[in-house]
Amino acid sequence: MDFTAAELKTLSQRDFVQRQIADFSPDLKVDSVPNESQTADPTSDDDRDVVVCVRLRPVLSAESERGIFPTVTANKDTGKVLVHSLEYKFDGRPKVASKEFCVDYAFDSDTNNEEVYAHTAKKLIAIALGGGVATLLATGQTGSGKTHTMTAVENFIARDLFEAALDYRKNLNDATAWDSSSDLGFEFRVCFFELLGNKAYDLLAYPNEITIMEDVLGQVQVKGTVEEQVRNSEDLLSPQASSRSHAVCRITIKDLRYPASEEGLLYLLDLAGSESSSDSRHHDKERTDEKKEINQSLATLKDCIRNRALAVLSTKHVHVPYRNSRLTVLLKSAFELATTRACRTVVIATVNPSILDTLHSLNTLRYVSPLKVEIPPSSEASPDDPSSWSNAKLREWVSETSNLIEAENLCSTESGRQLLKLPESMFVDRCLKSPGVDVKTAKAIGNNAAGCLLRKCLDGKFWRLVVDARTKVREDKERAIRLAIAERRAETAVLRTQAELEAWHTKQRDYHIQWMEMMMSKGPEYVAKMLKDQKAALENEISAGEELKSDPEAYALWLKSSQASIEYQKERIRVANEYIDKKIENNELSGAKIFAAVSAMK
Ligand SMILES: Nc1ncnc2c1ncn2[C@@H]1O[C@H](COP(=O)(O)OP(=O)(O)OP(=O)(O)O)[C@@H](O)[C@H]1O
């Protein structure tokens, strides 16, 4: 591939750019030696629902031979990534602008696959084994190293998953619950599918279409896939699938000891790279349409990421539009702020640090870094809300409330929030460690083992608190939204008080007529449209009030602000209809079409 004139101009500034980068960030020099002892602690982020990583790929030898050099630097110790871009001032002189991004893990181009895996996907295994939802998502510009990273990670997962299952069982110390000679006590199933716009296709039975949807409980379901049962690493690596679009590998893990508990899910997603239209100039129409679909779903992902970050920071409700694409429905657990299921999403954004890819690198980093925003821990422990409890408070409560379960076994390190998200099977396993709680008791408890065990051992208090706390949070949120709607109405109402309305009626009654005259001068079709809008606004206003009726305070606020406004609009529509009737009576409206358009509005 030949360079374009612009690329040649950029490359000609090599020395200047490298000097500026070195001056700007001495600690981030490309050839700096990372201090291993200070590398981010892989155990420190266990409470995170979302972990964001950036991985720089090296500039390949064929690229550096052609003069291409890196302008993105990453610091593993601080999680910071710097992007240096070459710009030209108005007088033509070059200047280097640097932008900093902060993520959970910034892997420089010397970091090997095993290290990336250790900080990212490795920890997802335990979550999925315990019945949680674990997602690994690789995103980045075409050629930035997604496939390189995901292939390695998938191999490591295949290597470690079954070992981890064995360790999990051994750690239970519970020979009666599991017969080690038969199997691991887990069933593993794997499926592959691809997402293209709002459609999903099975890659093991291509082109069968599959359905991704939320069930009534809000859980994401993938229906219609061909699932293969796998028993060991070789089985897991044998199903082959390739995709031009977003490719998903899902490993479902069933804990055979607790058949009714939720199945663990491990999603591995290799997102198709976004491409600009100029990059796709040689593609045929079908390929271009596919790219459009891919870019649209990436744009929705971006909106969801951004709004999730806003929702974390705002006290007001912020809508996360995850239902707008199948990709984001699948990733729902990454966007849910108050999720109660154990879940973790790890995003690996791969970056090609080459100077020619700087804009793409900036896009990728702008795209993923907002996901790092975490929900701030509640500053004060509320006695009614176990999710706000520290580990000490939780242990104290368990000791006081139960004479069967020992806090040391149930929650030796967890905060209330972490315990609430503990998968059902893990919860039961922990309860089993307390003397007096045996497998038989636990199994006899039936379907929702953790819930029943909790009720039985903790006299229902904990669970009731959890339910109350969740209901309260939901109600508070809904209430805040209702009041905000009522307040907004008050701000935007044309007339706010009854007195204003009466003054209006007596002094300015003719105004509606003048308004009609003015509209009529623009033509009867315009009148028809305006009246239609007016009616829709009125209906909207009335139905907003209906929705608030269940909340006396919000309804009173709404009534106060909207009643006058509604009367005013009704009056306007009444006068308008009268006016039109008169015009028709006097034969002042001509043309059958115009006549029909206007009278249809009555
Ligand atoms: N960390 C790395 N170390 C060494 N080489 C790498 C690394 N990451 C990527 N590469 C090399 O860079 C090239 C592009 O990587 P890869 O194919 O993984 O990109 P991609 O993001 O999957 O691209 P596409 O979206 O087009 O599939 C490959 O030759 C790959 O071997």
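In sorting residues by class, Ala, Val, Leu, Ile, Met, Phe, Trp, Tyr, Cys and Pro count as nonpolar, Asp, Glu, Lys and Arg as charged, and the others, Gly among them, as polar. By that scheme the shell around the ligand holds 2 nonpolar, 9 polar and 2 charged residues. This is a predicted model, in which local features need pLDDT of at least 70 and side-chain atom pairs count only at pLDDT 80 or more, while totals for chains, interfaces and linings use all residues. Residues are numbered from 1 along each chain as its sequence is written.

The ligand is surrounded by 13 residues, the closest being Arg 57, Gly 145, Lys 146, Thr 147 and His 148, where near means a C-beta atom, placed from the backbone, within 6 Å. The unreviewed UniProt entry annotates a "binding site" that includes Gln 141 and Thr 147, although such annotations may be inferred rather than shown by experiment.

A residue is buried if 20 or more other C-beta atoms lie within 10 Å of its own, exposed if 12 or fewer, and partly exposed in between.

| Residue | C-beta neighbours within 10 Å |
|---|---|
| Gln 141 | 22, buried |

Gln 141 lies in the loop between β6 (133-140) and α6 (146-172), whereas Thr 147 is placed in helix α6.

A nonpolar core joins buried Ala, Val, Leu, Ile, Met, Phe, Trp, Tyr and Cys residues through C-beta atoms within 7 Å. The largest such core has 101 residues, and those with the most contacts inside it are Cys 53, Val 54, Val 81 and Ala 128.

Definitions and conventions. Helix = DSSP H or I, 4+ residues; strand = E, 2+ residues; numbered from the N terminus.
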